[in-house]
Amino acid sequence: METLAPPVVAVVVAHDPGPWFEETLASLGSQDYAELSVLVLDNAGADDLTTRVAAVLPTAFVRRFEEGRGYGAVSDEVRTMVDGAAYYLFCHDDVAPFPDAVHQLVEEAYRSNAGIVSPKVVGWDDPDRLVHVGMTVDKSGSVVERVQPHEIDHGQHDAVRDVFVAPGGCTLVRVDLFDELGGFDPDIVAMGEDLDLCWRAQVVGARVVVAPAARVRHLEELAGGTRPLDPVLLAGPGGPARHPVTLQALQRRHELLAVLKCYGRFHRLRVVPQIVLLNLGEYLVAQLAGNRARARAVAHAWRWNLHRRGTTRRLRRELQAHRRIGDKEVRELQISGSARLASYLRRVFLFGFHGAHAEELRSAEEAAAQAAAEAGAAAVVGGPGVTVAGGAPPATTGPPEAPAPAGAAGDAATGDEAPVTVERGRLSGRVRLTAWLVAAAVVLIGSRQLLTGSITSFGQFVPFPSWGATFTQFAAGWHPSGVGTTAPATPALAVAGVVGTVLLGAMGLTQKVLLLACIPLGAWGMVRLARPFGSARASLVAGIVYLAIPLPYDALALGRLGALAAYAGAPWVLGHLFRATGFAPYSSTTADAGDGVVAAAPGSGPRSLGRRLAGHRTLRACLLLGALEALLVAFVPAAALVVVVAGAAVAVASVVLGRGRAAVQALWLALGSTVVAGVLLLPWLIGVLSAGRGAVEVFGVPTPTSGAASWGTLLRFSIGPIGGSPLGWAFALAALLPLLLARGPRFRWAGRCWSIALVFWFLAWVVGRGWTGSLAVDPMVLLAPAAAAIAMAVGLGIAAFEVDLRAAAFGWRQLATAVAVGALALGTLPTLVSAVPGRWQMPQNAFAQTLAWMHGETSAGAFRVLWLGDPRSLNQGSWAAGDGLAYATSEDGMPDATWLWNGTSPGPAAALGSAVSQARDGATDRLGALLAPAGVRYVVELTAPAPVIPQVQTPASYPVPADLPPALQRQLDLQSVFTEGGVTVYENTDWLPERSAVGPGSAPAAAAAALPVGTPASLPATTTRPGQPVIPGAVPVLPGPPARRSYQGPVPGGVVLAAVSPAGRWTLVSSTGTVEPATSSFGWAAQYRVPAATSATLRFRGGPWAPLGLVVEVLLWLAAAAAAAVVERRHRVRPWAASVSGGWRHRRAEADPIPGMSDEPTGDLQDGGLA
Amino acid sequence: MTESMSRRARQQRRPLRSAPGQVVALVVVVAIVVGVALVGAAVPPPSPAPAPATADGVPVAPVGSYSSSAFCTGGAVGPDGLAGTTDFLTNTSPVAVQGTMTSEVAPGTGSGASGSGTPAPPTQRAVVVPARGQAAVDPAAGLPAGALATWFAFDGGGVAVNQVTAGPDGWSTAPCASRLSGSWSFAGGSTAGGDALTLDLANPTPTDAVVDVSFLTSSGVIVPSDYQGLTVPAGQLVSENVGDFVQNQSEVATVVTAQSGVLVAGELQQWAGSRGGIGLWLGAPAPATVWHFAQNTNTGGSVTFHLANPGTTAVVATLSFGLPVAKVVPVQVSLPAQSVATFSASSSGRLPGQSAYAVDVRSTGPIVVARSVQAPSGASTPPMSGGGPGTTTVATHWLVPAPGVPGAPGAVGATVDSLGVADPGSAPARVVVTVAGSGAPVYAMTVAPGALVVLGSATVSGLRPFDVRSTRPVSVEEDSGPSGAPGVVASTGMSFTS
């Protein structure tokens, strides 16, 4: 009987379907729609489906493809096979439409004049559970379900409505529309073809509706992850990817593809940058959370789309040719904002940071475990014994939020590995989030003026030069410190430049980020350091305590960049060292069967595997810690000392605790990483070592011993104005708690932490008193690891309370815990109170403001400023001048960060320090004449890092040696020109411009020519009266801004003097040719004879070493990164099976049990009485 | 049921025992913390090094110095009743030292000045002091009459400068300062009975100095408003007649305190009438608690010590007398705040006549001590003078310049009469005296603790500068003639800083 119903062809794409397939076919066969034909496309399955189809649905057509293709590509074949159909019903092989589904779909298609109609998709086994009722997207293509997971169908979604996406399990598509769109995108192998098709349909003006009256059951074998994708489909042009392409990655790349393809130019320009930023943030957060699968998915999406940008461009053009609807209208069906971001924030609020990632991590871990198990099975097949090398069987390592297994507490008391990782002290994500939000709020409130305003330029917080100048200075090969040096610049400038690049060249913001990020970085490192103990409370408390310790805020108040860097890095350094010991809980808790399988190649046994793993692990740890150490050393060279001492402290403490063998690993790691750091910083290191015995000054310049911090001050971490109250003792007292309560690993780690703290406290105490001679390290730098160790000990106390006291009878220990907690609460008060003003007592006014007039004095010629004072007062790197006095130079006024990291050796500038010493000794009253050859016009004596302004700001006071002020005052050629609280400026009446010329034939010229060559200290004798320039008649030439390597301008005939070093590397290029320095004047400076007036350029001739050094440095970093990558790959040959880390505890590569390292035995301090 | 659960709970909760390791660890940690604290308390960090004592302001710059200076104030360019001044340069270094001499007359003083306050242009000359030799220069050449200041800038160290002012009323000698200071103090001045006291403030630096000047007299403290915030311009000399504000005071102590800048101050005292004489004094850079007068002689005239306490609290000064063979009970003098006092040694009856003695003054607070000597009536000129402030320094190496050089005495017939070396310490000092420059030995001796040795004219006569080295810190003083009595023209030695 002929009907008027439009013919519909059900296109079922099948690939090795399971037993459900017959039900799928049966459901199609039972449709009450007469004009329905069924076409089964067998997508290269292992078994031919013809028989199975014929058995259930004899009328169906079957076509088999011998070569597997994606869902879209196979579906598109229908266009070449079917003629005369009005609708295609694209079905997966795991759907089962209800008998009236096709009828309802077609009816709704006519009723709504829709191009695409989607049914209500319900659960396969539970039809009352909703799976899809259409979907929508946000502007970035992120698909959003309209139903909640496991939502029960009460008819609440039974209205027909427009949707953005018809889910792909079963979709009715009008044939003419399908043809106009060119079918599915054949490059979409799975996940996202529905979004792509529906979006394009809407662009060409078709409606996409959902018809809830039509119901379809869907097993979702593929999307649910039950059925793996054919790897052949996922292989790129270069073969299989290093990491498997996950469903998530497919979804992400196809979402991005849809965005790039379907938006018009305007919206593309508007939306894509937003997606870039969102993806960048998502990538970073995922990496931080250890969710590498997500991070890889984001990266893969961009990589894949960029790779096929040509195809996308063509498809976009084709689509635009058919466009009937503007993007504005299309977007009306999208939801506003970022669905993914909103969802993530909601999860963070509900479950906390790590909880928000827990589910994905758990899924990934399960997948990895499954993969590992499969591989293990394969290995067993490969030969006997080989699986043993993989170590222990997989242990349960749920994410932090995972509930502790029943009985774990008891196990924790007796085992050595288990107890420390068991989930104890569980806090809800909301509690933790609230705690961290409060802590962040305190830090933000305390820093609000720093965040909203500019950072005061004082101490080491001097501004960076421009973005370009920062990089240039790093690569220049010449540094202006002192009177100039060719010592390689510190990579800190390069780091600042890189950060500045990320921040689009905003160097002020760069400085702010570098300074203020240290606080959260440190706290984060502390949390990670404590996390392996498995107590959320302990981790939280350790992090909060580390935040509450006044050290970083004192560093801000005193302008100590190095101390901030050390604070940020200390927990991370300790983390590496702790893991190196292999002691629980820093040893493995999860054996990696996959590793065992792969490492156990034929012919190798467990022993060789262990050695290889240990070697890989050690090398990798060295590389990682070495890179971290290099980064720290770039900013604070004393970090190298900190790492080595910390390693030694861990080792010694472990030896004392009877675990010496493995603990030596920490010392070896510290030494090895220091070697790695030295290699990474090789050019700079060579410059440092060239200073000979003076190289030790790279760690710091001695400060007056009279101002040494007392032992009590050090124990309270209150070097600066914050935290000086007796409440500061609270942290040290609370840190004693684990020594009283803890058992087993917690006790031993508490002992190690106390050892570290005591060692660094003692070192700071000894250094402060000058007992280490010229080895002077900022005590605040040394206090950073002590603070980390104390915070860790406090956290261990909490963990001990939770685990070791859990079943104990009430007694003094509980009281002690209460006292410790109370003490901690009190101990945070000073920091809390200090947060109120909003700038951590950082001065508001700087010498940069009061001395800004200096920059306007260059009309008389370029000049240098000699800064004298306590090293802590100076704004730049300095050299020792004895008795805690330091000296440094700058050009044309206040220094910027260019001068922050001096060459270790002052070179000829040592004459400046020598001259000051002579003045103090009464050996001269013509200091100005001694300083004049270096172009020193101003001598600045600082007694504070910032101006002392009564009732406005009272910065720290750092007096100069008592003999300096009178010595400067009595100099006959130093005129006091400016005095304010904390600073006195003298002008040198004998000064000589930094670049000057003396005319020919004049007496002054003869005087200049006669300037002797000698040691830097042998400056010229002068017969001039005080107040007259040492070379009268010298005129300034070759103007230009400071710290440049080239100066140009007219010069008169005669002698040109340039107070730059090394003289031999500066040439004067005039119209008549290059003038080499004829002789060196004053023993070190350059002197050029110019026969007649001309235009000339004074230029630094760098030679090949500077660029070569730069290249070497870059290559070294690249080599280190490559080596780390190679080691990582060898260590984890099946990385996707082990890439589901969620922190140290989950990182198998870092926590694998190495034979002989995980030796924390069940000690005598285990819970003997608790079991 | 409930009871059963409770019993089970009690069974589960067991008392914890302290493990041995815990106790040990706790004890070790506490012991280390307390131990370091105890060590810290026992060995506190050193106190900040105090500012070096300003000493006498006349130390000789080290020989290897890059440059050194000498500042001579209090002199005058005659005539008009003012004395003329000559400067003597003694080079202790083995190389000739070049330098420049800048002389300036204070505006408004002397006949050559306009009185408008416009300073006469300074004169500048090159000077060369031969190796281990001496030179005499006339700083007044080319300058109008008036108060004179001279400063020398040497291209090296080892040069000491002293000056001699001589006129119809007598002569006097004083060392020239080698250091500048922000404060200067004097004692023993007089404006009574026609005595004239001139305060010279010279600022050789390029920075203006602003000073406050006050006077302590037996009538109380005088703080002239004109002398508060007094500006001493850079490179200029300001000369003030103290008598303009401090009239008819027999005891005048002058206190100069700089609000800003540093300078050098000197006084020229002219006694009128029968006392007649000139006193040329370099101020003391700072009050001190110890003062030394190495050589005094009870001549039958009077030896008077002038004590001034510029501080705000009362002090007690103890004068100890050192004789070669005898002991004298010390004398205590109470000095209220901002007061002056005198002690006449010659009239105390404690000291034997015609014998030399050393005096050390130790006080409970910083004071200034000077000495004046008046010859018995009928003595030759000059009958009256004051040595100015004593020395606060004891050292092991002294230069004692002469009041002139051979062929160019500072005054007619000037010669060294005696050289006294006192040992204020508690152990004997071995002292060797040589002629500075040539190194010719003069005398070697041992000075007993608390005693002095005086080398008489038979040993130290002439115009030779002496180099005095000792094994222990001593104080040195030289007495020159001709004068009315020993001590009338005296000067302290100049210590070497290294």
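Two strands pair if DSSP finds at least two bridges between them, and strands (E, at least two residues), like helices (H or I, at least four residues), are DSSP runs numbered from the N terminus. In this predicted model, local features need pLDDT of at least 70 and side-chain atom pairs count only at pLDDT 80 or more, while totals for chains, interfaces and linings use all residues. Residues are numbered from 1 along each chain as its sequence is written, chains are lettered from A in the order in which they are written, and side-chain values use heavy atoms, with hydrogens and water left out.

**Strand β25 of chain B**

- Five bridges join β25(B) to the antiparallel strand β32(B), residues 466-481, where V468(B) stands opposite W398(B).
- Strand β34(B), residues 494-495, also runs antiparallel to β25(B) and is joined to it by two bridges, with M494(B) as the bridge partner of L399(B).

**Nonpolar patch on chain A**

- L682(A), I686(A), W1105(A), L1108(A) and V1112(A) make a nonpolar surface patch of about 490 Å²; such patches join nonpolar side chains (Val, Leu, Ile, Met, Phe, Trp, Tyr) within 5 Å, from residues with over 30% relative accessible area and no salt bridge (a side-chain nitrogen of Lys or Arg within 4 Å of a carboxyl oxygen of Asp or Glu), and accessible areas come from the Shrake-Rupley method with a 1.4 Å probe.
- Helices α30(A), residues 682-689, and α43(A), residues 1105-1131, each supply at least two residues of the patch, and the largest share, three residues, comes from α43(A).

Notes:
Patch = residues over 30% accessible without salt bridge, like charges linked within 9 Å, V, L, I, M, F, W, Y side chains within 5 Å.
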